[in-house]
Amino acid sequence: MSIRFTRPTSADLCALAEAGAGDALTYAPVGLSAMPVAPPGYRLDRWSRSLGNDALTFGRAAEAIRQWRVHEGAGLIVHADGPPAKNSVVAMAAPLPLGYIDVVCRVIDVIDQPGRFGFSYGTLPVHPEQGEESFTVCRHDDGTVVFEIVAVSRPRHILARAVPPVARRLQRAATNRYLDAMQRAVNS
C-alpha cells in the first residue's frame with residue numbers, strides 16, 4: 001500500500017500501472033463479484049441506483065463507465081490506457097482526508113451487450129484490500145436503467161485490518177461518490 005501526501009502526477013500513475021502489469025491478483029478465485037454469496041472471510045456489498053428509463057440514459061451511463069468518468073467524478077485520479085479492457089491495468093489515486101492512497105487493479109471482465117455494459121476489476125498488490133469490484137449499467141425490459149456496484153473484498157494491508165470500521169467507512173464513502181458521479185454523468 002502506498003500513501004502519498006501530494007497529488008500524484010500522470011507519470012507517477014503510469015509507472016504504477018506499468019509495474020502492476022506483471023503482478024498477480026491478490027486473491028482467488030477470480031470472479032468473486034459475479035458470485036451470489038461471498039466466500040468465507042470476504043464481505044459482499046451491493047449498491048444500486050435507478051438512473052431513468054430511456055435509451056439515452058443507458059447510452060450516457062455506458063459511456064461514463066467506458067471513459068472512467070464514474071471514477072474521475074468520484075474524485076479518483078485515473079491512469080488507464082483507454083476504456084476498460086480485459087487484462088488491462090488501471091492505476092488510481094484515491095483521496096484521503098489527508099493525501100492520497102494508490103490503488104492498482106486489473107480488469108478481469110468486460111460486459112458489452114445490448115442493454116448491459118460494465119466491467120469488473122480485481123486488486124493487485126498496490127491496494128489496501130483484496131477482492132473485486134464491478135460497475136454495471138443495465139436497461140431492464142421495462143426501460144428502467146440501473147447502475148449497480150458489487151464489491152467482494154476483505155482488508156489486506158495491516159492498516160486496513162487494524163481499523164476495519166475506518167476502512168469500511170472510506171469504502172462506503174467512495175461508493176456513494178461513484179453513485180453520485182454516475183447520476184451527474186447521465187444528467188449532464
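View 1. Buried here means under 20% relative accessible area, exposed means over 50%, and partly exposed lies in between, with a 1.4 Å probe and protein chains only. Strands (E, at least two residues) and helices (H or I, at least four) are DSSP runs, numbered from the N terminus. This is a predicted model, in which local features need pLDDT of at least 70 and side-chain atom pairs count only at pLDDT 80 or more, while totals for chains, interfaces and linings use all residues. Residues are numbered from 1 along each chain as its sequence is written, and side-chain values use heavy atoms, with hydrogens and water left out.

**View 2. The strands that pair with β8.** Strands count as paired if DSSP finds at least two bridges between them. β2 and β8 run antiparallel and are joined by nine bridges, and F147 in β8 is the bridge partner of R49. β7 and β8 also pair in the antiparallel sense, over 11 bridges, with Q130 standing opposite R154 of β8. Five residues lie between the strands in the hairpin of β7 and β8, where G143 takes a positive phi near 95°.

**View 3. T175 in helix α5.** T175, which lies in helix α5 (residues 164–187), is buried, with a relative accessible area of 1%. Leaving aside neighbours within four places in sequence, T175 is in contact (heavy atoms within 4.5 Å) with W47, E133 and I149.
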